[in-house]
There are 2 protein chains.
Amino acid sequence: MAEMRKPGALCKMQRLSTDAQNLTSSIAAKTSNIDEFACIEKYIRPLMRSGFSTENDDAGKISSPNGSFIVTQDILVEGTHFLRHSNPTLLAKKALRVNLSDLAAMGAQPYGYMLGMSLPQGVTEEWWEQFSNGLREDNKNYNVNLIGGDTTSNNTGTITISITAMGVPGMQSMTRSQAKVGDFLYVSGNIGDATLGLMAYQDLIGGEYFALKRRYDLPEPRITLGSKICGIASACIDISDGLVQDIGHICRLSNVGASIHLNQIPMSDAAQDVLRRNPELIERICSGGDDYELAFTSAESNHTKIMHIAADLGVKVTTIGVIVRQPGVEVYDGKNIVHFTSHGYSHKF
Amino acid sequence: MAEMRKPGALCKMQRLSTDAQNLTSSIAAKTSNIDEFACIEKYIRPLMRSGFSTENDDAGKISSPNGSFIVTQDILVEGTHFLRHSNPTLLAKKALRVNLSDLAAMGAQPYGYMLGMSLPQGVTEEWWEQFSNGLREDNKNYNVNLIGGDTTSNNTGTITISITAMGVPGMQSMTRSQAKVGDFLYVSGNIGDATLGLMAYQDLIGGEYFALKRRYDLPEPRITLGSKICGIASACIDISDGLVQDIGHICRLSNVGASIHLNQIPMSDAAQDVLRRNPELIERICSGGDDYELAFTSAESNHTKIMHIAADLGVKVTTIGVIVRQPGVEVYDGKNIVHFTSHGYSHKF
């Protein structure tokens, strides 16, 4: 049964070095003899006061008598979250977009971001130029502003990028915790392309698959969709850590479960091509991260409205299942439950 | 003459590995064959729209129809900004406090922060416990909230901490750019303790000097002082990168200069003791970072008011010089200009 084994899993790690077949135990093994997730739950989460939500959401909220913002942070480490010697333009865009995707899942409009970088010695001027080109293009693409930041050099030979993005909340907030039994379960775009793209980079699926690699390199944060479904969707999350795991977060926090129909999961032509030749990769498609599509729930009565929004925006939105009373996430292939050994990556606090 | 040679110096780096005698060239040599400062100026700063200040200030501003916050970010890398195997409680506090110090220099009240960490494998539960203890204590000390964040592990063996702190601006903003000719130049607390504390850790000054080490480990952000002088000070900065360099930032951005009187620079008993035995370290005291005291300017007519504020708060505030028309920062020993070979560390963008 594909329910969440780690309800408190909270930190992203080891994306590139984990094995798709046994990801959870691999993470545990790679993070020393203690459970880092448990440590965050035990030692860090209690430091957060209520009202500054994050367990339930992709981002935190700041508010004061003079206003409020949605805030999110992602740290990307070379060799963990992106490949070594990545194209600097694509890297800049990805580092920004994974944060914008968090804002999208909250229905917030991107406003600005702080850019923190720890760079190894030997970074060239060409790297700076290409990196800045990526940011400039995406500042324009997403109408977002660089506010400031901090840059340091290091002796580790590894690029670390820490972006903190701020967004303006919509009229209504969108969380992970309000899914209701009977709600339809939707995803935007296609699922699995990014994780197969990473496998293509690692020469694990035989073939160049440029389109899949591109989807790994360059997510498309669903900002407009997130904004339009705000107030209609009962719960929303961006699929950064794997379809089953991220929907599992919605279920856990909403005290519900989900039934997903395998044959309704939207896949690109390239993903279907890979899958025809490697049927066992269906598990990877359901558990691999980095798609940065939105998964959301909404009452059946909103279905037509949601399909109209999708059509207006030209964004593919697909019903992949339904919210049920029984806890956990179950994936069905016809009438049979599919048994997976892994569900996705861990998540931030 | 002690004027700024690098007016655009923008990124903190190599704190622990640089040589006090030739810091600027050392930085250049350690950051490959390109000038990283110049790259930030050329490629990154142009990405910032006006209205999202940071060149002039310790932090950026975010505002929207529904409110505004002051935002700042600091990345601390083990072995660069703090010693390897640092006490986790002190490390947590320092990582938070250097950000709070930026807010203090803007006259902002701390509100909350995002905590990003990239941790090496092998971090123990004791480390987590002690780290969280440090944050818990300082959350209370400074009435600030953990909002959220992201944690990842790495294979570099190095701890990287990226905190983005948000503060509520005061009624008036305080920048670096409004110092006027004739203004008095003030600093809070004592200068040089932190850099001598680092030297004590490095066994470079002969003696334990626990008090100096403590000042290196644990800065005291001058939040209340920053708040009280907001509207009275014409310009303010926190001394993170060295007295002469940071005052140089005020001068450059205000189109003025500064004359500092060496014998008026406030020093602790311990620093004076070190200096008696190592008179050449006066340069290190004037150029070393990590004090996180405030340097600010104000019209002579405010002098009594400022001294009253200082007395009310129990914070030492000392007049160390005056703002002059001629650009640059000159340090006088009696009537003689002191010639330094280094001025401080580089700064963030």
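This briefing covers the sheets, the chain interface, and selected residues and helices of a predicted model. Local features are reported at pLDDT of at least 70 and side-chain atom pairs at pLDDT 80 or more, while totals for chains, interfaces and linings use all residues, and side-chain values rest on heavy atoms, with hydrogens and water left out. Residues are numbered from 1 along each chain as its sequence is written, with chains lettered from A and ligands numbered from 1 in the order in which they are written.

**Sheets**

- In chain A, seven strands make an open sheet with mixed pairing, in the order β7-β9-β6-β10-β8-β11-β12. Strands (E, at least two residues) and helices (H or I, at least four residues) are DSSP runs numbered from the N terminus, and two strands pair if DSSP finds at least two bridges between them.
- The edges of the chain A sheet are β7 (235-238) and β12 (336-337), each of which pairs on one side only.
- Within chain A, β8 (residues 257-261) and β10 (residues 317-324) run antiparallel and are joined by four bridges. One residue pair here is A:G257 with its bridge partner A:V324 in β10(A).
- Chain B also has an open sheet of seven strands, ordered β7-β9-β6-β10-β8-β11-β12 and mixed in its pairing. Its edge strands, β7 (235-238) and β12 (336-337) of chain B, have a single partner strand each, so one side of each lacks a neighbour in the sheet.
- Strands β6 (residues 184-188) and β9 (residues 294-298) of chain B run antiparallel, with four bridges between them. In β9(B), B:A295 is the bridge partner of B:V187.
- Helix α3 (residues 88-105) of chain B packs on this sheet and touches β7 and β9 of chain B; its direction makes about 175° with that of β7(B). The axes behind this angle are lines fitted to C-alpha atoms, for helices over the stretch in contact, and angles run from 0 to 180 degrees between N-to-C directions.

**Interface of chains A and B**

- On each side of the interface, 77 residues are in contact: 77 of chain B with 77 of chain A. Contact means heavy atoms within 4.5 Å.
- About 6600 Å² is buried between chain B and chain A, and carbon and sulfur atoms give 60% of that area. Buried area is the accessible area (1.4 Å probe) that two parts lose on being put together, summed over both.
- Two salt bridges are found across the interface of chain B and chain A, a salt bridge being a side-chain nitrogen of Lys or Arg within 4 Å of a carboxyl oxygen of Asp or Glu.
- A:E125 and B:K42 meet through their side chains in a salt bridge, at 2.9 Å from N to O.

**Cysteines**

- There are zero disulfides over all chains, where a disulfide is a pair of cysteine sulfur atoms within 2.5 Å.
- A:C286 is in no disulfide, and the nearest cysteine sulfur, that of A:C251, is 14 Å away.
- A:C286 is buried at 0% relative accessibility, and A:C39 is buried at 2%. Buried means under 20% relative accessible area, exposed over 50% and partly exposed in between (1.4 Å probe, protein chains only).

**Residues in strands of chain A**

- A:T160 lies in β5 (residues 160-168) of chain A and is buried, with a relative accessible area of 6%. Apart from neighbours within four places in sequence, A:T160 is in contact with residues including A:I75, A:V77 and A:M117.
- A:F184 belongs to strand β6 (residues 184-188) of chain A.
- Not counting residues up to four places away in sequence, A:F184 touches several residues, among them A:F296, A:H303 and A:T319.

**Positive phi**

- Most residues other than glycine have a negative phi.
- A:Y209, not a glycine, has a positive phi of about 45°. This residue sits in the loop between α5 (193-201) and α6 (210-217) of chain A and is buried, at a relative accessible area of 14%.
- B:Y292, also not a glycine, has a positive phi of about 55°. B:Y292 is in the loop between α10 (282-287) and β9 of chain B and is buried at 4% relative accessibility.

**Helix α5 of chain B**

- Eight of the nine residues of α5 (residues 193-201) of chain B are buried, so the helix is mostly covered. The buried residues include B:D193, B:L196 and B:M199.
- Cover for the buried residues of α5(B) includes α6 (210-217), α9 (269-277) and α10 of chain B.
- After α5(B) comes B:D203, with a positive phi near 55°.
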